[in-house]
Amino acid sequence: HSLKSALRPSLLFPYSLPTMNTPAFAPSSFVTPMPARAASGAITTRTPQFVAPRMMADGPTIDVGKKKSTSLEHLLDNNRKWADRITAAEPDFFTELSKLQTPQYLWIGCSDSRVPANQIVDLPPGSVFVHRNIANVVSNTDFNCLSVMQYSIAVLKVKHVIVCGHYKCGGVAAAMTRSSLGLIDNWLRNIRDVRTKYEKRLNLLYPDEADRLARLCELNVIEQVRNVCHTTIVQEAWARGQDLTVHGWIYDLATGKIKDLGVQMTAEDKLNSVYDYEFNIE
């Protein structure tokens with residue numbers, strides 16, 4: 001065969017590509033057609049055998065010919081109403097907000113959908129710089145969290161870092177069991193380390209499992225506050241004389257109230273000398 005014939009589209013792409021009129025399917029909802037060789041040696045193709053599509057999620061649907069897909073138009077509508085409501089009350093709000101962000105707070109919280117940072121402290125957009133992950137963990141190997149910390153502290157010059165956990169945290173609860181949950185086990189190892197550190201005290205003082213979980217949620221926050229303070233990012237900020245305080249809070253899902261755990265760290269608080277770095281500050 002000549003090179004030209006070998007590069008014919010029918011050989012390179014033996015199957016019709018989806019078009020706007022082609023139904024969209026989940027990967028497992030169709031049988032992939034395989035090239036077949038006829039008796040003459042020529043390559044032919046089999047017609048894809050489609051089966052009924054599987055619904056990917058519940059929600060409103062829209063009809064596009066025979067195609068059905070989930071629609072998030074209700075969320076877009078909510079956004080339009082929200083923006084209009086804010087603009088009606090404060091016409092220049094978004095114009096001014098788009099020019100610069102000057103948050104005073106860095107919030108390190110849990111990804112749980114019931115603990116939205118701005119809402120539970122009743123602050124508008126632009127007030128809080130936010131990082132969230134499973135069980136509000138601060139790990140020295142998590143470059144996502146560390147990058148957020150460096151930008152907010154060194155560039156935006158926030159004055160407060162708030163580590164906020166919550167009671168009945170699923171991540172903390174999972175770390176109290178021996179069940180393997182897959183990849184997340186590696187992340188929950190950080191909380192298992194906290195559990196191991198306080199295990200004797202937890203078992204002695206909190207025989208009830210629910211009470212033990214609640215206390216471990218608090219201890220996890222306290223340990224993550226320490227982890228924040230041990231980073232070179234916070235250490236260097238304090239060495240520069242930057243006004244920065246690290247706080248430990250916990251949120252009660254049942255009441256909507258935040259509890260201050262009484263953990264506040266500033267440059268004046270003495271850390272273990274192992275974490276007391278010397279910086280060449282000009």
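Predicted model: local features only at pLDDT ≥ 70, side-chain atom pairs only at ≥ 80, totals over all residues.
Local features need pLDDT of at least 70 and side-chain atom pairs count only at pLDDT 80 or more, while totals for chains, interfaces and linings use all residues. Residues are numbered from 1 along each chain as its sequence is written, and side-chain values use heavy atoms, with hydrogens and water left out.

The protein chain has 10 helices and 11 strands, taken as DSSP runs (helices H or I, at least four residues; strands E, at least two) and numbered from the N terminus. Of its 282 residues, 31% are buried, meaning under 20% relative accessible area with a 1.4 Å probe, protein chains only. Contacts (heavy atoms within 4.5 Å) between residues at least 6 apart in sequence join residues at least 24 apart in 60% of cases. The accessible surface is about 18,700 Å², and carbon and sulfur atoms account for 55% of that surface; the areas come from the Shrake-Rupley method with a 1.4 Å probe.

Helix 8 covers residues 184–205 and has a kink of about 65° centred on Tyr198. The bend is the angle between axes fitted to the seven residues ending at a residue and the seven starting there. Tyr198 is also buried, as are Asp185, Leu188, Ile191, Val194 and Leu202. An α-helix has 3.6 residues a turn, so residues three or four places apart point the same way. The buried residues of helix 8 pack against helix 7 (170–175) and helix 9 (209–230).

The count of disulfides (cysteine sulfur atoms within 2.5 Å) is zero. For Cys169, the nearest cysteine sulfur is that of Cys110, 4.2 Å away.

| Residue | Relative accessible area |
|---|---|
| Cys169 | 1% |
| Cys229 | 0% |

Methods: Buried < 20%, exposed > 50% of the residue type's maximum accessible area, 1.4 Å probe, protein only.
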